[in-house]
Amino acid sequence: YIMLIKKNKGRKAGRNRIIQGLSMIMVLALIMTSSFNYHGMVAYAEENTTQFAGGEGTEANPYRIETPAQLNQARFYLDSAFILMNDITFTTAHFNSTAGDEPTGENFYNSGSGWRAIGTAEYPFTGTFDGNGHVISGIYAIAPQTYDKRGLFGCSSGTIKNLELTNGMLSFTSTYKYSMGSLVGSNSGTIDNCSWTMDLATQQAITGTLYFGCIASYNEGLVNQCTGSSNLLLTQDISQTNISSNAQKIGGGIVGFNKGTVSNCATEGSTQVANTFLQSFGGVAGSNDGNIISCDNAMNVSKSSAQLGYYGGIAASNQGLIDGCSNVGKIVGYREAGGIAGYNGGKIQLSNNQGAVSAVISFSEAGFYEAVAGGIAGQNTNIISKCYNTGLIEADGGYDLKGKAYAGGIAGYHLGSIFAWY
């Protein structure tokens with residue numbers, strides 16, 4: 001019995017020695033394949049100092065970006081993490097087919113056609129980009145002739161945060177359908193604490209569908225704590241008859257078309273839409289089918305040509321939820337204009353308007369349309385709850401009064417329900 005116990009102890013000791021041996025082999029393998037910090041007891045893979053200023057592309061040790069060329073390299077590492085180490089400024093020379101001190105190439109200079117967005121619909125950006133409080137200025141982007149999504153990022157389902165864009169240029173060409181945003185073309189991830197500051201004047205020919213947003217043109221994800229400060233003059237020199245019958249042209253100060261959530265965002269500046277460039281524009285979103293929560297607009301929005309559409313301080317058209325929002329901007333539109341939404345088919349609650357709202361009659365060969373202006377919504381077909389208006393509301397039926405004009409402190413034309421208003 002005593003001998004048996006000693007034998008079992010011997011077997012146990014042997015197993016322990018085998019385990020210890022295997023552990024030593026694993027440690028040696030780690031040392032051979034890593035840069036091992038013995039004193040800190042942390043092992044790191046070799047940093048990428050060829051395409052970037054360092055880093056591994058992980059959340060703990062992201063790729064570090066210091067130059068325009070390194071920013072361009074991000075398109076080849078779509079699932080990685082990045083951090084901006086300083087401000088980056090682009091010049092006209094960066095987007096010529098031949099340039100100065102930067103390496104030339106199809107992906108960067110795009111044969112003189114402007115910045116090629118990072119991430120596509122087929123291969124979206126899925127990583128993390130931390131602007132680290134820095135600024136990227138001078139991006140020049142051209143929307144192509146085919147369906148595409150353009151911006152600094154094309155399609156993103158990752159996270160983009162702490163970044164400011166300034167002094168860029170967005171150019172549009174005749175096309176079938178595309179989304180154009182200064183930061184992201186199409187977002188299904190998270191955009192947090194980003195801003196857009198830009199003065200833009202453009203005259204382009206657009207025959208197809210356009211979603212235009214200063215942060216994201218199309219959003220199915222989350223846009224949070226973002227700001228836009230801009231003076232936009234958007235014009236289009238093209239006959240209305242050249243536009244596809246089902247083409248939409250929708251723009252917004254933060255997002256063009258929202259199906260996700262936009263929260264805690266703010267806009268200021270002015271937007272003037274001339275001729276037939278956009279049918280509808282909203283201070284925060286052009287069209288909202290999702291949620292807009294706790295957003296403020298101080299942007300003045302005006303339409304200077306007689307094309308019917310929707311214009312609103314928060315959303316041009318709302319089919320979703322607008323909650324806890326405020327407008328102090330001046331809203332002027334043809335057909336329907338509202339301090340919060342030009343048209344409301346969803347729900348607006350706990351929101352207020354303090355800006356002046358006016359609607360002007362639209363005319364077509366078939367006759368006059370109505371001018372509809374409301375402090376909260378130009379036209380309401382659903383629910384407005386616990387909202388108030390203190391702004392001046394006006395509707396102009398035309399110099400010969402052939403058109404119909406509707407103006408209301410809460411809704412200009414009302415077919416839905418209004419609760420607890422003043």
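Trainee: What makes the charged end of Arg75 count as sitting over the ring of Trp115?

Mentor: A charge sits over a ring if NZ of Lys or CZ of Arg is within 6 Å of the ring centre and within 35 degrees of the ring normal. The charged end of Arg75 is 5.0 Å from the centre of the Trp115 ring and is assigned as sitting over it. The model is predicted: local features need pLDDT of at least 70, side-chain atom pairs pLDDT 80 or more, while totals for chains, interfaces and linings use all residues. Residues are numbered from 1 along each chain as its sequence is written, and side-chain values use heavy atoms, without hydrogens and water.

Trainee: How many aromatic pairs does the structure hold?

Mentor: There are 13 aromatic pairs. Rings of Phe, Tyr and Trp (its six-membered ring) pair if their centres lie within 6.5 Å; planes under 30 degrees apart are stacked, over 60 edge-to-face, the rest tilted.

Trainee: Why is the pair of Phe52 and Tyr63 called stacked?

Mentor: The centres are 4.5 Å apart and the planes stand at 10°, so the pair is stacked.

Trainee: Why is Phe52 called buried?

Mentor: Buried means under 20% relative accessible area, exposed over 50%, partly exposed in between (1.4 Å probe, protein chains only). Phe52 has 2%, so Phe52 is buried; Tyr63, at 8%, is buried too.

Trainee: What makes Tyr406 and Tyr413 an edge-to-face pair?

Mentor: Their planes are at 75°, with 5.2 Å centre to centre. Tyr406 has 26% relative accessible area, so Tyr406 is partly exposed; Tyr413, with 32%, is partly exposed.
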